[in-house]
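Subject: A structure for you to explore

Hi there,

Here is the structure I promised to pass on to you. Have a look at it first, and then read my notes below.

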Amino acid sequence: MRKTILFIAMSLDGFIADKNGKVFWLAGEDANQNDMITYETFIQGVDTVIMGANTYHQLRTEISPKQWIYPTLTSYIITHQTEASTEKIRFTMEDPVALIRHLKTQPGKNIWICGGASIVNQIMQADSIDRYHINVIPTLLGTGIRLFHNTDIERKLTLLHTQSYNGIVDLVYERRTASSS
């Protein structure tokens, strides 16, 4: 069965973007080292990515303006605007939790929750994230866009794996089920 996986980087103090919404600080200690080690493995297990309109806009205008960064994945962009979809980039006003429920009934590989924070928090609040793969970047931002908003909901997780490279620490957790508590 397809899993919904949050694969995202955050600063040591819990932010996914700086106070201006920028992510150019996402790097390890040595700029000459490959920081994409776990991403390269992770991406092989997914065929679908879900993101918000702000994340999509940032990818298209700042991070990879010349070409779409995920050409082999089917990308769902959660938006409040009407935009023309293509075969691989689909704009939708559908609730992200309902979209995930629908996608999980379809055959395919895992579903990647890419961002932003609003989309992540809606899906997390509905307990629809199966796995949390968080890359902790060796940077303290002090302020910015926080990955997890304040919530009264507690989520119990099971640690599956840790890895460190170039000052980055990868934490991989899975949602704890009633039988694993």
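Let's start with a term: a residue is called buried when its relative accessible area is under 20%, exposed when it is over 50%, and partly exposed in between. Please keep in mind that this is a predicted model.

Is Ile-153 buried, exposed or partly exposed? Its relative accessibility is 32%, so Ile-153 counts as partly exposed. You will find Ile-153 in the loop between strand S8 (145-146) and strand S9 (157-165). From Ile-153 to Tyr-165 there are 12 residues in sequence, and their C-alpha atoms lie 32 Å apart in space.

Now turn to strand S4, residues 74-78, where five of the five residues are buried. In a regular strand, side chains alternate between the two faces of the sheet. On one side of S4 sit Thr-74, Tyr-76 and Ile-78, on the other Ser-75 and Ile-77, and all of them are buried, which leaves both faces covered.

Which strands pair with S4? One of them is S3 (residues 46-52), which runs parallel to S4 and is joined to it by five bridges. Here Val-49 stands opposite Ser-75 of S4. Between S3 and S4 the chain passes through helix H2 (residues 53-63), and this β-α-β crossover is right-handed. Strand S5 (residues 89-92) is also parallel to S4, with four bridges between them. In that pair, Ile-78 stands opposite Thr-92 of S5.

Enjoy exploring!

Best wishes

How values were computed. Residues are numbered from 1 along each chain as its sequence is written. This is a predicted model: local features need pLDDT of at least 70, side-chain atom pairs count only at pLDDT 80 or more; totals for chains, interfaces and linings use all residues. Side-chain values use heavy atoms; hydrogens and water are left out. Helices (H or I, at least four residues) and strands (E, at least two) are DSSP runs, numbered from the N terminus. Buried means under 20% relative accessible area, exposed over 50%, partly exposed in between (1.4 Å probe, protein chains only). Two strands pair if DSSP finds at least two bridges between them. A crossover is right-handed if, with the strands pointing away from the viewer, the path from the first strand over the helix to the second runs clockwise.
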